[in-house]
Amino acid sequence: MVAHTEVSPQVSPEKILTVGECSETRGSESVSSKGPDVLCEQNEIVSHKNSNHVAIAGSSTVPHPKKKSYKEEDCSLFVAFFTFLSYGVLLLVGYIKEFFVPVTTKEKDREEVELCSPFTNFTIYLSYGVLFFVGYVKEFFYPPSTKEKNREGYVPLYIGFESFYTRNVYRRIQDCWNRAICSVPGAEIDLMERYTPDYGWTIKHTGKTIRCINVGSYNYLGFAENKGPCHDAAEEVTREVGITTSSPRWELGTMEIHRKLESLVAEFLGVEDAITFGMGFATNVLNLPSLLGPGCLVLSDEFNHASLILGLRLSGATVKVFQHNNPEDLEKKLREAIVYGHSRTRRPWKKAVIVVEGIYSMEGSICDLPNLVRIKNKYKAYLYVDEAHSIGALGSHGGGVVDYYGVDPKEVDIHMGTFTKSFGAAGGYIAGSKDLINHLRVTSHAQVYASSMSPPVAQQIITSMVIIMGKDGSTEGRRRIQQLSRNVKYFRQRLRQMGFIVYGHDDSPVVPMLLYLIPKISMFVRELTKRGVAGVGVGFPATKITGGRMRFCLSAAHTKEMLDKILKEVDEVGYLTSSHYSREPKSQEPIEW
Amino acid sequence: MVVLDVHLNLEERLAAYFNCEAAVLYSYGFSTSASAVPAYAKSGDIIYADECINFALQRGLQASRSRIVYFQHNDPEDLHRLLKEQAIVDAKDPKRANATRKFLVVEGVYFNTGEVCALPQLVVLRRQYKLRLFLDESVSFGTLGPHSRGITDHFNIPMTEVDLLMSSLELGAGGTGGFCVGTSFVVEHQRLSGLGYCFSASLPPMLAAASIKVVDILEEEGASLVEQLQDRSTQMHRALTSLHTKVNITGAELSPIKHIRLSESSGDRQCDEAVLTQVVHKAEEYGVAVTVASYLYDREANAPQPSIRITVHKNLTDAQIDTTRDALTHAFTDVLG
């Protein structure tokens with residue numbers, strides 16, 4: 001649309017008059033000779049036409065419709081099936097085209113991430129398409145029989161795609177998830193054998209157990225034991241003070257042991273003070289709302305954990321997501337957000353916080369801490385590092401990602417972590433400056449409403465932390481850290497050499513091995529169990545739909561022999577399922593432990 | 001979340017205890033209520049909640065993104081009025097009404113006031129207006145009912161009337177964690193969509209084993225334990241009724257939780273709380289440990305008045321109850337005059 005207020009006489013009338021829909025062909029007689037009056041007339045016509053157009057456009061927009069809050073309606077299953085089929089067809093066409101006319105420009109791979117071939121992508125969507133098609137046809141002829149009793153006439157509790165997925169995809173391979181164990185989750189584990197008499201609708205236990213090597217538990221330093229100093233100390237504390245305080249910290253729920261634990265955690269991390277909570281998930285969910293609020297800016301990594309996402313949502317802060325482990329993207333988004341301020345009010349932000357994790361549990365990648373600290377200092381933002389998986393598992397002293405990079409602990413404003421993984425206990429902590437912890441002691445939701453940590457659990461953490469720090473006089477802590485580090489390097493290198501696609505950094509004890517297709521995940525889990533290795537498979541919705549994987553968690557309790565056995569079985573099952581996806585050249589040198 | 005045989009055992013025992021089909025075990029009491037509600041209620045649904053529900057439930061309601069309608073504390077008439085209003089709106093748009101789920105969230109015994117929920121009238125409303133009833137029995141687990149099965153037992157209401165029963169094991173049950181029981185149709189959904197269940201570690205085995213023992217004890221001696229506790233609660237209530245002219249006590253006689261509040265508030269919450277804190281310190285000098293009920297006033301949906309929370313123990317002797325009454329009377333007289 002062209003709106004002219006003044007027209008240069010050199011411009012030909014046709015140009016003026018061809019304005020969107022209101023193009024009017026004037027006679028070819030030159031109008032320019034008629035002088036400015038005619039041009040003004042033309043202008044009027046043009047502007048009149050414009051204003052008409054605007055008027056028409058204006059009148060077609062009804063005064064703003066009343067804002068209705070619509071409930072998000074799920075599409076029908078038929079539509080869902082065709083969505084996946086359409087992806088499948090597009091990818092097939094693309095694949096055939098690129099087979100005959102290869103693409104010359106290559107996509108820049110992100111660090112340590114090897115992408116699968118387009119054909120694999122196609123097979124992923126095809127596999128989902130087939131599952132949904134079969135499910136749709138089956139439910140067309142035999143509508144789902146699981147109906148709720150005693151609730152006739154009620155609005156159904158579950159509607160839409162979620163329950164269709166559960167019934168038709170998850171149900172078929174349900175025996176690979178939620179597997180029960182009946183032993184300490186140490187280096188070896190006893191799985192309870194299960195069977196399903198009706199294709200996954202119900203699952204029963206046979207009563208037998210299967211002894212497997214455990215690569216599924218987060219037992220990084222091997223403290224999941226039922227013998228030893230930790231166990232004895234915890235037993236003593238239980239006999240002394242019992243197993244619960246039955247109160248939140250504010251209401252007669254603080255014991256001597258909590259204070260002792262908090263000062264030990266502060267010493268371990270090299271910070272001024274720390275505060276502990278009874279549950280790791282709740283640490284994030286209940287403390288982010290007391291640190292942040294509306295008017296605060298948060299830059300959150302793409303693959304942050306559900307507890308961080310929920311905590312940020314409940315806090316009401318504005319969250320912007322940056323690409324996983326990409327400091328350039330983070331800097332760009334942070335700079336933009338700070339320059340433009342709040343999107344509606346354009347006011348400056350009250351504070352800016354960057355929220356990342358030390359090790360990402362699904363990707364196995366370690367965050368780029370030095371770069372993050374540099375960005376944080378440049379833009380005067382705060383840094384919140386969730387070290388749930390990295391504390392104890394990284395670093396020469398087990399101090400987590402801060403220790404690993406040798407960064408000054410004071411550079412990270414808020415250290416957060418959990419005791420579930422490397423310390424063999426439960427609960428979480430937040431550590432940092434005295435001001436921060438004093439604020440949290442007064443405003444944290446968990447301090448006021450949630451019960452304090454159980455005393456024997458606190459004692460388990462104290463004993464294991466003392467061992468890791470070497471304060472008990474032994475070298476056990478040092479040995480465990482070194483054992484874990486050697487295990488990780490050996491395992492990852494061997495796995496890559498075999499030809500599997502493995503994500504993450506070379507030092508990360510979480511090893512995700514890509515399988516892509518859901519049926520491969522279930523077959524891998526079942527076959528490995530038969531061969532005496534208990535691993536964990538992860539699929540949608542915990543990962544992307546094209547990112548199904550096996551996740552191995554290494555431990556200081558694993559010996560070289562155990563690792564060799566695991567690798568041998570994984571290789572065998574990999575051949576059974578054709579999962580050697582890597583197309584990069586491999587070195588044939590033997591890898592030493 | 002990996003489960004041990006201990007957890008499976010505890011879940012089976014809890015389901016059997018309440019005569020329900022299935023149970024789900026959480027590792028933290030707070031997360032139980034905060035994760036259970038958002039697993040079912042999504043944006044576009046309506047939740048009717050009592051205005052004095054505890055903080056964990058409030059966070060759960062906030063996380064669910066549904067429309068929350070509070071009704072006056074323990075007042076089924078007020079709830080009825082709100083439901084009638086909604087029914088008129090629904091009649092104009094039946095298609096939308098058929099896609100909107102409605103939930104009713106209440107507690108068995110309210111932690112913030114000590115009142116016992118008026119469950120029979122709420123069940124009638126639930127049937128009439130097709131609501132789904134979510135009941136939080138953190139306080140009433142093991143403390144109400146002739147067979148110690150909680151408030152449904154107390155009012156003799158069958159468990160089929162309740163869609164989901166949530167409870168924490170951290171209060172009366174002396175353990176850690178929490179659980180939800182109900183029909184498998186309802187409860188099994190949480191194994192995939194309860195955030196505090198899927199994305200969190202499971203309960204330490206020792207604490208789960210301790211809770212199994214608690215269920216054992218309740219099954220054997222629950223009836224007599226409840227009787228003893230209710231007797232003590234009634235005694236305590238009568239002893240504390242006439243403490244001081246400027247304070248009054250709220251809570252049902254039977255409830256093990258009572259709140260002592262100032263009859264005339266000064267208008268400023270912090271001021272009231274400071275007065276009550278002084279009373280608590282004085283009471284300590286007289287040999288009784290009590291606590292001011294703690295709240296984050298700026299975060300609560302309907303912040304309650306400051307109070308001193310009294311919790312009754314089943315082993316309190318008459319002499320100890322008298323000591324409590326005297327200590328509190330002295331403390332209040334010293335501070336309030």
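In E1(B), Val3(B) is the bridge partner of Ala180(A). The model is predicted. The pairing joins strand E1 of chain A (180-181) to strand E1 of chain B (residues 3-4). The two strands run in the parallel sense, and two bridges link them.

In chain A, 59 residues are in contact with 67 residues of chain B. Together the two chains bury about 5300 Å² between them. Carbon and sulfur atoms account for 60% of that area.

Polar links were then counted across the interface. Between chain A and chain B, 16 residue pairs are in polar contact, with both residues at pLDDT 80 or more. Several elements of chain A each supply at least two residues of the side that touches chain B. Among them are helix H5 (161-170), helix H8 (280-291) and helix H9 (306-315). Helices H13 (434-443), H14 (445-449) and H15 (455-469) of chain A are also included, as is strand E1(A). H8(A) gives the largest share of this side, with five residues. By residue class, the side of chain A that touches chain B holds 29 nonpolar, 20 polar and ten charged residues.

Side chains of opposite charge can pair when their charged atoms come close. Across the interface of chain A and chain B, the rule finds one salt bridge. Arg309(B) and Glu251(A) meet there through their side chains, at 2.7 Å from N to O.

Over all chains, the whole structure holds 45 salt bridges. One pair within chain B is Glu161(B) with Arg126(B). Their closest N and O atoms are 3.0 Å apart.

Strand E3 (residues 46-50) of chain B and strand E4 (residues 67-71) of chain B run parallel and are joined by five bridges. Within this pair, Ala49(B) stands opposite Tyr70(B) of E4(B). The chain passes from E3(B) to E4(B) through helix H3 (residues 55-64) of chain B. This β-α-β crossover is right-handed.

Conventions:
Residues are numbered from 1 along each chain as its sequence is written. Chains are lettered from A and ligands numbered from 1 in the order in which they are written. This is a predicted model: local features need pLDDT of at least 70, side-chain atom pairs count only at pLDDT 80 or more; totals for chains, interfaces and linings use all residues. Side-chain values use heavy atoms; hydrogens and water are left out. Two strands pair if DSSP finds at least two bridges between them. Helices (H or I, at least four residues) and strands (E, at least two) are DSSP runs, numbered from the N terminus. A crossover is right-handed if, with the strands pointing away from the viewer, the path from the first strand over the helix to the second runs clockwise. Contact means heavy atoms within 4.5 Å. Buried area is the accessible area (1.4 Å probe) that two parts lose on being put together, summed over both. A salt bridge is a side-chain nitrogen of Lys or Arg within 4 Å of a carboxyl oxygen of Asp or Glu. A polar contact is a pair of N or O atoms within 3.5 Å; within protein, one must be able to donate a hydrogen and the other to accept it, and residues adjacent in sequence count only if both atoms are side-chain atoms. Ala, Val, Leu, Ile, Met, Phe, Trp, Tyr, Cys and Pro count as nonpolar, Asp, Glu, Lys and Arg as charged, and the others, Gly among them, as polar.
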